[in-house]
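Please walk me through this structure.

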Amino acid sequence: MESAADKTCLEARGIWKVFGSKSDQAVELSRDGASRKEVLEATGCTVGVKDVSMAVTRGETFVVMGLSGSGKSTLVRCLARLTDPTAGSVFLDGEDLTAMDEAALRQVRRQKLSMVFQHFGLFPHRTVIDNAAYGLEIQKMAKAERHERASAVLAEVGLEGYEHHYPGQLSGGMQQRVGLARALTVDPEILFFDEPFSALDPLIRRDMQDQLLDLQHTLQRTIVFITHDFAEAIKLGDRIAIMKDGVFDQVGTASQLITSPATDYVREFTEDVPKIKVLTAGDVMQTQTTSGTRSVPASATVESLLPLLLEGDDPIGVSDADGRTVGVVDRNAVTQILASAR
Ligand SMILES: Nc1ncnc2c1ncn2[C@@H]1O[C@H](COP(=O)(O)OP(=O)(O)OP(=O)(O)O)[C@@H](O)[C@H]1O
Ligand SMILES: [Mg+2]
């Protein structure tokens with residue numbers, strides 16, 4: 001059997017990132033409870049990330065969400081070791097990235113991790129296929145082979161036929177598909193996304209989210225995804241970390257954040273979420289093993305229960321993946337959720 005350590009792809013322990021020359025003093029003050037602003041006033045240093053620990057399971061999409069300036073990009077840069085954390089360690093597949101020398105790190109960056117940024121970062125004078133194949137090129141893979149691989153990935157992201165175009169000839173959404181293809185061609189262990197869809201129109205953005213979900217369905221990569229959009233976080237994330245002033249206020253599934261927000265900051269994000277679309281029968285059921293008249297899977301949304309209740313099924317049985325009854329949802333529970341919507 002796999003141990004917990006095998007299942008963890010990425011782990012961060014006590015990550016700090018302080019900008020400024022008096023970082024030791026800043027960490028000390030911050031540890032003692034000084035706010036970001038107080039630390040800045042006393043030391044001239046900005047605490048970007050404050051003592052963040054996290055573990056991302058293999059195949060999981062872990063979303064970090066928070067307002068501008070909360071430290072999301074700084075954290076992801078530490079995780080991918082694009083920058084050195086002031087303190088703390090990052091382990092990828094059990095290997096300490098923070099202890100690696102430049103050569104070892106370069107190797108890991110080329111083979112195990114990919115990043116996709118908000119501003120695509122494509123090479124304007126390279127064709128689509130040469131952009132997509134870039135990671136393989138620096139691995140020194142022969143041209144025919146890397147083009148073959150890149151073509152296949154470009155087809156997967158819906159860019160078949162555009163291989164020999166230049167980025168400037170493509171729309172924003174298409175350029176970001178090239179960015180996605182470039183990240184995927186190296187077949188990375190883990191993908192880091194820093195607000196990749198934030199610059200796109202809402203409809204294109206939704207397309208890209210759907211496509212990422214589709215891809216993830218087959219690829220099952222480990223993903224760390226940064227966003228400031230809670231709807232996007234809910235749609236893509238297996239778990240979501242809500243970040244504020246450099247720390248995680250709360251980490252949990254969308255349902256956990258919505259049903260029991262740990263802070264006012266978390267509550268503010270969750271307030272406008274259409275709860276009946278996010279919460280499931282499993283989230284709102286009362287546990288019991290005798291069923292109602294009809295039965296739904298625990299993953300069914302509360303919204304999908306409404307027609308059944310209207311048809312007079314009350315309570316509705318809830319079954320697990322093996323078809324065993326695990327609980328019931330009654331009209332009262334659903335009414336309460338509807339009433340709590342604003
Ligand atoms: N290179 C830097 N030098 C000094 N301060 C920095 C640097 N990079 C980030 N900061 C500061 O660290 C804090 C966190 O910034 P960060 O870019 O990580 O936020 P973010 O959550 O990604 O915001 P956004 O949603 O706007 O991208 C901010 O106060 C920022 O000003
Ligand atoms: Mg950012």
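**A strand between two strands**

Leu 113 has Ile 190 of strand 7 as its bridge partner. This is a predicted model, where local features need pLDDT of at least 70, side-chain atom pairs count only at pLDDT 80 or more, and totals for chains, interfaces and linings use all residues. Residues are numbered from 1 along each chain as its sequence is written, while chains are lettered from A and ligands numbered from 1 in the order in which they are written.

Helices (H or I, at least four residues) and strands (E, at least two) are DSSP runs, numbered from the N terminus. Strand 6 (residues 113–117) and strand 7 run parallel, joined by five bridges. Strands pair if DSSP finds at least two bridges between them. Five bridges also join strand 7 to strand 8 (residues 222–227), again parallel. There, Asp 194 stands opposite Ile 226.

How many residues of strand 7 (residues 190–194) are buried? Five of the five are, so strand 7 is largely enclosed by the rest of the structure. A residue is buried if 20 or more other C-beta atoms, placed from the backbone, lie within 10 Å of its own, exposed if 12 or fewer, and partly exposed in between. In a regular strand, side chains alternate between the two faces of the sheet. Ile 190, Phe 192 and Asp 194 cover one side of strand 7, with Leu 191 and Phe 193 on the other, all buried.

Now to a helix. His 217 lies in helix 10. It counts as exposed because it has 8 C-beta neighbours inside 10 Å. His 217 and Gly 59 are 158 residues apart in sequence, yet 9.7 Å apart in space, C-alpha to C-alpha.
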